[in-house]
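The following note sets out numbered remarks for a colleague. Please read them with the model open.

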Amino acid sequence: MSKKIAILPGDGIGIEIVAEAVKLLNVLKQNGLDIELHEAPVGGAGYDAAGKPLPDETLALVKQCDAILLGAVGGPQYESLPRELRPERGLLGLRAELELFANLRPAILYPQLAAASSLKAEVVAGLDIMIVRELTGGIYFGEPRGIRELDNGEREGFNTLVYRESEVDRIARVAFDIAMKRGKKLCSVDKANVLEVSELWRERVEKVGGEYSEVELSHMYVDNAAMQLVKWPKQFDVMVTKNMFGDILSDAAAMLTGSIGMLPSASLDANSKGMYEPIHGSAPDIAGKGVANPLATILSVAMMLRYSLNQPAEAQQIEDAVGRVLDKGLRTPDIMAEGCAEVGTEAMGDAVLEML
Ligand code: IPM
Ligand code: MG
């Protein structure tokens with residue numbers, strides 16, 4: 001049976017970069033990959049089309065699909081909308097509705113791009129970290145939440161950071177399984193010196209770790225982890241952490257590679273259904289100019305092939321093709337370096353297809 005893929009370009013550069021990934025998917029289809037593509041609006045585009053960031057039709061579609069490719073959401077024209085109508089809500093809604101609890105964010109340094117990092121080459125050369133971020137729990141979704149008025153008339157904002165044992169266990173398992181396929185080192189990041197929720201987190205990760213005797217498990221407080229990431233990032237193989245810590249640390253890890261336009265991500269449910277997206281945002285400042293880097297989105301297709309469509313060979317081919325395009329010296333402006341040839345979004349997408 002053919003696999004259904006939802007295509008959600010979203011806003012800003014999402015539209016241009018997803019178009020390149022769709023070209024690639026269509027080529028794979030011509031070559032025999034049994035897929036169907038279905039496009040739908042989300043984020044600001046969802047609001048424009050249907051008055052909300054996650055339109056009912058889009059939600060119904062993604063529920064039926066095996067995998068989802070998302071561009072990016074957000075734009076200045078939506079910033080004054082009430083919170084529940086903002087584009088980000090579309091993204092959070094997709095994560096929650098589809099129970100995409102496991103967010104995989106690789107930070108890989110392409111040797112061809114070593115000069116783009118703000119850190120010294122010897123600190124980042126060969127960098128390959130996988131951050132596993134819990135994505136449907138913690139303070140992002142915890143109740144109660146809100147802004148309330150106190151007796152003295154002053155307002156107070158509040159959110160709740162909660163994790164159940166079962167939520168910790170399932171994300172820990174994902175992280176241990178990934179560590180088993182990589183360097184067999186897992187660092188769990190928490191704030192157990194201050195937070196009870198982290199104390200429980202640490203206890204459960206230890207417990208799950210009992211099933212993975214081959215994996216070397218360590219624990220680190222989040223402040224130290226932020227420091228270690230910029231000090232000596234190569235000490236890390238796989239990191240696992242709560243939703244908000246993962247949000248922050250994954251941006252830092254991405255920047256170590258110097259090229260946020262290169263990094264894909266996967267958000268998976270318990271059955272390997274997944275949403276795949278570049279980790280960068282909608283970049284309204286360059287939207288519509290044809291200069292955005294499509295490689296993170298193209299590499300997200302590779303992750304989709306690997307994790308949801310069970311096509312590891314094709315995934316590898318795409319990753320290799322991207323490497324060869326970089327070898328050839330083609331660069332979009334965000335990764336441009338001396339002696340290279342600057343190209344736009346379409347030319348970069350076409351170059352990957354040619355290499356394939
Ligand atoms: C991310 C983003 C989102 C998050 C925003 C856009 C809601 O920063 O995917 O990292 O905070 O999770
Ligand atoms: Mg973020």
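This is a predicted model: local features need pLDDT of at least 70, side-chain atom pairs count only at pLDDT 80 or more; totals for chains, interfaces and linings use all residues.

1. Buried means under 20% relative accessible area, exposed over 50%, and partly exposed in between, with a 1.4 Å probe and protein chains only. Helices (H or I, at least four residues) and strands (E, at least two) are DSSP runs, numbered from the N terminus.

2. Helix H12 covers residues 345-355, and its buried residues are Thr345, Met348, Gly349, Ala351 and Val352. These lie on the same side of H12 because they cover an arc of only 155° around the axis; the arc is that of the directions from the helix axis to the C-beta atoms. Their packing partners are helix H1 (14-30), helix H10 (295-307), helix H11 (312-327) and strand E13 (330-331).

3. Arg204 belongs to helix H7, residues 196-209. Its relative accessible area is 14%, so Arg204 is buried. Apart from neighbours within four places in sequence, Arg204 is in contact (heavy atoms within 4.5 Å) with Glu165, Val168 and Asp169.

4. Val205 is also located in helix H7. With a relative accessible area of 1%, Val205 is buried. Not counting residues up to four places away in sequence, Val205 touches Val168, Ala172, Phe176, Ser188, Leu217 and His219. Val205 and Glu165 are 40 residues apart along the chain, and their C-alpha atoms are separated by 9.4 Å.

5. The protein as a whole has 12 helices and 14 strands. For 356 residues, a compact globule would have a radius of gyration near 21 Å, and the 20 Å of the protein agrees with this. That radius is taken over C-alpha atoms, and the globule rule is 2.2 Å times the number of residues to the power 0.38. The C-alpha trace spans about 60 × 50 × 45 Å along its principal axes.

6. Of the 356 residues, 51% are buried. Among contacts with a separation of 6 or more, 74% join residues 24 or more positions apart.

7. Conventions are as follows. Residues are numbered from 1 along each chain as its sequence is written, while chains are lettered from A and ligands numbered from 1 in the order in which they are written. Local features need pLDDT of at least 70, side-chain atom pairs count only at pLDDT 80 or more, and totals for chains, interfaces and linings use all residues, whereas side-chain values use heavy atoms, with hydrogens and water left out.
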